[in-house]
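Subject: Structure handover

Hi,

Here is the structure for your files.

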Amino acid sequence: MAESAPWQTPESQCLISRLMLSHQRAFKRPLLNCADPATDLFSSEMAVLAHDNSHDPRLIYANAIALRLWERSWQEMIGMPSRCTAEEEAREQRASALQRAHNQDAFEGYSGVRVSRTGQRFMINNARIWTLWDDKGQNCGQAAAFSSWSWL
């Protein structure tokens, strides 16, 4: 990937490290076995997203699969309220799963309907959701990963 790729910035590299370490902590297994985490995670065959822990959480990471599924560029996706990844009717179920993951630090087996920028609906299956921890042990957001989805 080009040096100017947004997922290659020092800030993104730090976030990716946090994603990987937090996943290992939550599930006792690596998110991905790789030599170059930033490039390998971005080009992974599983969708990976993360949001911050603000009052209305904003997306802080989305890899290439996630960008394709939601039909958005990095610039459109990063900073977007993460609730906007789901249709209005599906947001309560999504919020419940995020709360469960928050309470337990991690949750595996989530399925739910999502919607792309153009209104294409898809079902994500068997997603993992986990808490992101910073280097001081503070909760700094949540991440999700899934390898299975189907268009509706």
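The notes below cover strands, aromatic rings and cysteines.

This is a predicted model: local features need pLDDT of at least 70, side-chain atom pairs count only at pLDDT 80 or more, and totals for chains, interfaces and linings use all residues. Residues are numbered from 1 along each chain as its sequence is written, and side-chain values use heavy atoms, with hydrogens and water left out.

Strand 5

Start with strand 5, residues 139-146. Helices (H or I, at least four residues) and strands (E, at least two) are DSSP runs, numbered from the N terminus. Seven of the eight residues of strand 5 are buried, so the strand is largely enclosed by the rest of the structure. Buried means under 20% relative accessible area, exposed over 50%, and partly exposed in between (1.4 Å probe, protein chains only).

Strand 5 pairs with strand 1 (residues 47-51), antiparallel, over five bridges. Two strands pair if DSSP finds at least two bridges between them. A50 has A143 of strand 5 as its bridge partner. Strand 4 (residues 121-133) also runs antiparallel to strand 5, joined by six bridges. There, W133 is bridged to N139. The hairpin of strand 4 and strand 5 has five residues between the strands, and G137 takes a positive phi near 80° in it.

Aromatic rings

W133 also has R25 over its face, at 4.2 Å from the ring centre. The rule: NZ of Lys or CZ of Arg within 6 Å of the ring centre and within 35 degrees of the ring normal.

There are nine aromatic pairs in the structure. Rings of Phe, Tyr and Trp (its six-membered ring) pair if their centres lie within 6.5 Å; planes under 30 degrees apart are stacked, over 60 edge-to-face, the rest tilted. Y61 and W74 are edge-to-face, because their ring centres lie 5.8 Å apart with the planes at 80°. This pair links distant parts of the chain: Y61 sits in strand 2 (residues 59-62) and W74 in helix 4 (residues 74-77), 13 residues apart. Both Y61 and W74 are buried. One aromatic cluster is formed by W70, F122, F146, W149 and W151.

Cysteines

How many disulfides are there? The count is zero, taking a disulfide as a pair of cysteine sulfur atoms within 2.5 Å. For C14, the closest cysteine sulfur is in C140, 8.5 Å away and too far for a bond. C34 is in no disulfide either; its nearest cysteine sulfur, that of C14, is 16 Å away. C14 is partly exposed at 41% relative accessibility, and C34 is partly exposed at 29%.

Best wishes
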